[in-house]
Amino acid sequence: MECPPVTVERWEGLECAAQLDVVLPMYKEIWVEPPYCEGVKEIAEFLDRFAQEVFLPRARLVITRCGDVPIGYAFGYPLPPDTGWWKAMDEETTPEFTAETGERTLGIVELAVRTKWRRQGIAALMHAHLLEGLGVERVTLAMRPEAEAAPAHAAYAAWGYRQVGHWRPAEEEAVSHIMLLTLPVAVPRVDR
């Protein structure tokens with residue numbers, strides 16, 4: 001059976017919260033897989049985090065669909081001046097590197113595609129729609145180093161990301177690689 005054309009929808013700020021019923025089933029399906037192996041505790045943490053992050057200025061959610069079937073989502077927001085994003089890095093950083101204005105760096109906290117639709121350009125499509133018109137200088141995300149994440153590492157490298165450090169948000173959590181994409185030219189924000 002052939003998939004109808006893939007569509008992309010985007011929401012801003014509190015509009016994102018209304019899409020939780022679409023995102024949550026995908027989250028539960030995707031993040032249970034290795035290397036994440038998330039369970040009830042991590043799902044509850046995701047729900048708490050998402051409920052707070054939709055209030056951040058310029059939070060943005062992108063959902064792709066194949067016909068009526070949700071197949072992937074991406075969520076992020078420009079890092080606020082008081083962000084703790086860079087503080088969990090093991091590597092030393094400079095104040096110039098970690099300075100955030102609320103407009104400098106987009107933090108991608110979720111970027112996921114359901115298994116059947118992976119390696120078809122869906123993640124790249126969502127990534128482009130997430131960044132479109134934000135006018136940020138750079139983009140950051142955290143990803144796991146396990147072998148199961150190798151395809152994602154390859155995709156991020158192809159998009160121009162480089163690893164800038166290691167990150168452990170809490171003692172009981174796994175180490176992640178902090179990736180950074182420096183954009184060549186900031187694209188002005190376009191209100192639609």
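Is threonine 64 buried or exposed, and at what relative accessibility? At 0% relative accessibility, threonine 64 counts as buried, where buried means under 20% relative accessible area, exposed over 50% and partly exposed in between, with a 1.4 Å probe and protein chains only.

## Basis of the report

The structure is a predicted model, in which local features need pLDDT of at least 70 and side-chain atom pairs count only at pLDDT 80 or more, while totals for chains, interfaces and linings use all residues. Residues are numbered from 1 along each chain as its sequence is written, and side-chain values use heavy atoms, with hydrogens and water left out.

Helices (H or I, at least four residues) and strands (E, at least two) are DSSP runs, numbered from the N terminus.

## Threonine 64 and its surroundings

Threonine 64 belongs to strand E2. Contact means heavy atoms within 4.5 Å. Leaving aside neighbours within four places in sequence, the residues in contact with threonine 64 include Val6, Thr7 and Val8, as well as Val69, Pro70, Ile71 and Gly72. Ile122, Leu125 and Met126 are also in contact with threonine 64.

Valine 113 is 49 residues from threonine 64 in sequence, and the two are 8.8 Å apart in space, C-alpha to C-alpha.

## Helix H2

Helix H2 covers residues 40–53, and its end C-alpha atoms are 20 Å apart. This agrees with the 20 Å that its 14 residues should span at 1.5 Å a residue, the expected span being 1.5 Å times one less than the number of residues.

The buried residues in H2 are Ile43, Phe46, Phe50 and Glu53. They cover an arc of only 95° around the axis, which puts them on the same side of H2; the arc is that of the directions from the helix axis to the C-beta atoms. An α-helix has 3.6 residues a turn, so residues three or four places apart point the same way. Val40 and Gln52, on the other side of H2, are exposed. The cover over the buried residues of H2 includes helix H1 (20–30), strand E3 (69–78) and strand E4 (105–113).

In H4, Ile122, Met126, His127, Leu130 and Leu131 are buried. Their arc around the axis is only 160°, which puts them on the same side of H4.

## The largest pocket

The largest pocket has a volume of about 1,700 Å³. On a 1 Å grid over the protein atoms alone, a pocket is an open set of points where a 1.4 Å probe fits, with protein on both sides within 12 Å along at least five of seven lines, and lining residues have an atom within 4 Å of a point. Grid points are joined across faces, edges and corners, and the volume is the space filled by probe spheres set on the points.

The lining of the largest pocket consists of 50 residues, and Trp31, Tyr36, Val109, Ala142 and Met143 lie nearest its centre. H1, H2, E4, helix H4 (122–131), strand E5 (138–143) and helix H5 (150–159) each supply at least two residues of this lining. The largest share, seven residues, comes from H2. By class, the lining has 30 nonpolar, five polar and 15 charged residues; Ala, Val, Leu, Ile, Met, Phe, Trp, Tyr, Cys and Pro count as nonpolar, Asp, Glu, Lys and Arg as charged, and the others, Gly among them, as polar.

## Two arginines with positive phi

Arginine 58 lies in the loop between H2 and strand E2 (60–66). Its phi is near 65°, a positive value in a residue other than glycine. Arginine 58 counts as buried at 16% relative accessibility.

Arginine 119 lies in the loop between E4 and H4. Although arginine 119 is not a glycine, its phi is positive, at about 60°. Arginine 119 is exposed, with a relative accessible area of 67%.

## Other positions

Serine 176 lies in strand E7 (residues 176–182) and counts as buried at 10% relative accessibility. Not counting residues up to four places away in sequence, serine 176 touches several residues, among them Ala142, Met143, His166 and Trp167.

Glutamine 19, in the loop between strand E1 (6–12) and H1, is buried, with a relative accessible area of 13%. Beyond residues up to four places away in sequence, glutamine 19 touches Trp11, Leu61 and Ile63.
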